[in-house]
Each structure stands twice: as structure tokens, then as C-alpha cells.
Amino acid sequence: MAIVKIELDVNWLDEGDNLDDLIKSEVISGLQDRLIQKAEQKILAKIEREAEEKANEVVDSFIYGALEKKIDDLKIPYKENSWGSEVKLIPISEFIGIRYERYLTEKTLDGDGREAKYSSDRKLSISEYFIKNYLAKELTSKVSTMIQTARKDAEETIVKALENNLKEQLSFDIIQRLNIPEMLESLQNKAAEIDSKE
């Protein structure tokens, strides 16, 4: 059972009005006002969120588009070779690609992967150094795995061969020591004697 306290300001009551009806209508209108207010707050919060998201999308797309156009329009003077004096304007994206390729292929490291102090010490490019180290690690691990597997297989084969050889030798040795062929022959002779006596 719920207890509800209701406060009403009733300044006037007409003769035909009923206090119960007046209380009902005040309670219902108060509840309606609260529900409408909560719904309005939720709707406004949702509209604000969506408006902010759309505004951010519009701003981001504008900035991206403007920057993309500016970067495409931006040209850098580039000298193709060190001997000539001819300079041409190339897009910045192409210039970045050229510099990145040079960074990967230009020999700047010594044999140990450190930056070379002198041009005569330059043995490896960045890509060569990483490929060399990666291949060395991979080959070392693969070769050591292959050696371990081969050693294990060889040991197993030798042990099996020894076991089989020992079994054969022991069987032959036991047969000779027990003199089984002669025993079988004597058993056959005795069986023949018994048969002849009967």
C-alpha cells in the first residue's frame, strides 16, 4: 500500500464543484506536466547530441577537404640530380614518396646497424639492415630446429636398429645355447620310437 501526500492550493471552490474531482484533475495535470517535462528534456538532450555530432562531421569534412585541396595544390621545388641546375615543382605527396624511398635505400649504417660516421663506413641501408637481421634470426631458429629434429630422428633410428639387432642376436644366441635344433631332432626320434613300439 502506497502513501501519497498531495498539496493543493485551492483558493476558491465553486458551488457545483466537487473537492474529489478538483483533486483528481490537479493530480492528473501535475503528472502530465512532469511527464511532458521529462520527455522534453530527453528529446532536447538527444537533439543536442545529434546536432553536435553532425556539426563535428561537417567541420571535419570541411577541414579534410580544404587540407586535401591545399596539399594537392602545394608544390615543392625539387632538383632531380646534383649535377644539373634544373628544378621542377612537384606535389608534396610525391616529394614525401621520393624522400621515403631514399631513406629506405640510401646506405647510412655501418655493418653493425649503427649510423656511420664516415661515408666509407656506410655499408647498409635501413631496409638491408632489417632484412639481414630478420633473415639471420629466422634462419638461425629454423636451422637449430632442423638440427634438433634431425638429431632426435637419428637417435631414434639408431636405438631402433640396435634393439632389432640385439633381438636377432639374442634369439640366435639363445637358440644355439639351448641347442634347440638337436632337441627337436631328439624329440622327433623319441616320438618315432614311441610310435614304432606301439
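Colleague: What is the relative accessible area of E50?

Modeller: This is a predicted model: local features need pLDDT of at least 70, side-chain atom pairs count only at pLDDT 80 or more, and totals for chains, interfaces and linings use all residues. Residues are numbered from 1 along each chain as its sequence is written, and side-chain values use heavy atoms, leaving out hydrogens and water. Buried means under 20% relative accessible area, exposed means over 50%, and partly exposed lies in between (1.4 Å probe, protein chains only). E50 is partly exposed, at 43%.

Colleague: Which residues gather in a patch of negative charge on the surface?

Modeller: Patch residues have over 30% relative accessible area and no salt bridge; like charges are joined within 9 Å, nonpolar side chains (Val, Leu, Ile, Met, Phe, Trp, Tyr) within 5 Å. Asp and Glu count as negative, Lys and Arg as positive, while His and the chain ends are not counted. Each charge is placed at NZ of Lys, CZ of Arg, CG of Asp or CD of Glu. The negative patch is made of E48, E50, E52 and E53.

Colleague: How much accessible area does the nonpolar patch have together?

Modeller: Areas come from the Shrake-Rupley method with a 1.4 Å probe; for residues, only the protein chains shown count as cover. One of the members, I147, is partly exposed, with a relative accessible area of 44%. I131, Y134, L135, L139, V143 and I147 together have about 590 Å².

Colleague: How many salt bridges does a search of the whole structure find?

Modeller: Side chains of opposite charge can pair when their charged atoms come close. A salt bridge needs a side-chain nitrogen of Lys or Arg within 4 Å of a carboxyl oxygen of Asp or Glu. K107 and E128 meet in one, at 2.9 Å. The search finds two.

Colleague: At what angle do the ring planes of Y78 and F95 lie?

Modeller: Rings of Phe, Tyr and Trp (its six-membered ring) pair if their centres lie within 6.5 Å; planes under 30 degrees apart are stacked, over 60 edge-to-face, the rest tilted. A search of the whole structure finds two aromatic pairs. The ring centres of Y78 and F95 are 6.2 Å apart, and the pair is edge-to-face because the planes lie at 70 degrees.
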